[in-house]
Amino acid sequence: MDSQFQVTEKDIRYEDNHLIAVQKPAGILVQGDQTGDANLGDLVKEFIRVKYNKPGNVYLATLHRLDRPVWGLVLFAKTSKAAERMSKAFQKGQIDKRYLAILDRTPKARNGLLESYLLKDGATNQVRSYHSSKPGSKLAETHYNLIDTELNLVELIPKTGRSHQLRVHCALDLKCPIKGDVKYGSDFKTGNRSLYLLAHSLGFTHPVTREPVNIVAELPQFDLWQGLEKLLR
């Protein structure tokens, strides 16, 4: 876990006047919490302040989140107009979000739809999956495609954005936990407590120009992630 992480130009995967997409390393919070640890939002604000020599407060809106041990793309809005329009697009499921995950085991089917009702236990910060609706539960949908059986590499395409959705769908519905996710039953521990889960790409219509945008993350330079480029061509 990199507690000394600072956002630099090499971490920026996309930037214009309205949006900025940053590659988050595992171990960094997206937003501040009770730990008081450094968070990506504040680090991006500092990056913008220094890069553009901005006096006073920097406007930055968090549009979505990744769990702390997850790698990959996080998109922020730099203007209130972009924040409002992109927040609505996320809520309406108009953002094409794609993740890569390495699983403990090989799924029985090469592709499919994982659909269940998820309910979070605030006391344990764990999510349970049910086949029928429970009080307080929310419907969650994830498509998956098996890319490589040797590494158990899958592409995950969430159609909803529930807490721990991909982790729970893989572990409890697919019966194949994400490697490193000991919270949900993985037999494998990474050396830095990260998960083999990467927010790999974001596709959307730009909120101001209306042009199509597709942003792709780099593969983490860590252990099993390294050398996957040939599988993704």
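# Close-up views of a predicted model

**View 1. Helix 3 sits inside the fold.** Seven of the nine residues of helix 3 are buried, so helix 3 is largely enclosed by the rest of the structure. Buried here means under 20% relative accessible area, with exposed over 50% and partly exposed in between (1.4 Å probe, protein chains only). Helices (H or I, at least four residues) and strands (E, at least two) are DSSP runs, numbered from the N terminus. This is a predicted model, in which local features need pLDDT of at least 70 and side-chain atom pairs count only at pLDDT 80 or more, while totals for chains, interfaces and linings use all residues. Residues are numbered from 1 along each chain as its sequence is written, and side-chain values use heavy atoms, with hydrogens and water left out. The buried residues of the helix are Gln165, Leu166, Arg167, Val168, His169, Cys170 and Ala171. They pack against strand 5 (96-102), strand 6, strand 7, strand 8, strand 9 and strand 10. Look just past the end of helix 3 and you'll find Lys175, with a positive phi of about 65°.

View 2. Strands count as paired if DSSP finds at least two bridges between them. Strand 5 and strand 10 run antiparallel and are joined by six bridges, with Ala101 standing opposite Leu197. Strand 9 also pairs with strand 5 in the antiparallel sense, over four bridges; there, Tyr99 has Leu156 as its bridge partner.

**View 3. Glu155 is a buried residue in strand 9.** Glu155 belongs to strand 9 (residues 153-158) and has a relative accessible area of 19%, so Glu155 counts as buried. Its side chain meets that of Arg98 in a polar contact of 3.4 Å. A polar contact is a pair of N or O atoms within 3.5 Å; within protein, one must be able to donate a hydrogen and the other to accept it, and residues adjacent in sequence count only if both atoms are side-chain atoms. Leaving aside neighbours within four places in sequence, the residues in contact with Glu155 (heavy atoms within 4.5 Å) include Tyr99, Leu100, His143 and Tyr144.

**View 4. Strand 6 pairs with strand 8 and strand 7.** Strand 6 (residues 111-121) and strand 8 (residues 138-148) run antiparallel, with eight bridges joining them. Leu113 faces His143 across this pairing. Strand 7 (residues 126-130) is antiparallel to strand 6 as well, through five bridges, and Lys120 stands opposite Val127. The hairpin of strand 6 and strand 7 has four residues between the strands, and here Asn125 takes a positive phi near 55°.

**View 5. Ser137 is tucked into a loop.** You'll find Ser137 between strand 7 and strand 8. With a relative accessible area of 14%, Ser137 is buried. Its side chain reaches the backbone oxygen of Lys134 at 2.7 Å. Not counting residues up to four places away in sequence, Ser137 touches Tyr117, Leu118 and Leu119.

**View 6. Aromatic rings link up around Trp225.** The structure holds four aromatic pairs. Rings of Phe, Tyr and Trp (its six-membered ring) pair if their centres lie within 6.5 Å; planes under 30 degrees apart count as stacked, over 60 as edge-to-face and the rest as tilted. Tyr196 and Trp225 have ring centres 5.5 Å apart and planes at 40°, so this pair is tilted. Tyr196 lies in the loop between helix 3 (165-173) and strand 10 (197-205) and Trp225 in the loop between strand 11 (212-216) and helix 4 (229-232), so the pair ties together parts 29 residues apart in sequence. Both Tyr196 and Trp225 are buried. Ring pairs join Trp71, Phe188, Tyr196, Phe222 and Trp225 into a cluster.

**View 7. Leu75 and Trp225 belong to the largest nonpolar core.** A nonpolar core is a set of buried Ala, Val, Leu, Ile, Met, Phe, Trp, Tyr and Cys residues joined through side-chain atoms within 4.5 Å. Of the 63 residues in the largest one, Leu75 and Trp225 touch the most other members. Strand 4 (residues 71-77) gives the most to this core, with six residues. A second, separate core has six residues, among them Leu118, Val127, Ala140 and Tyr184.
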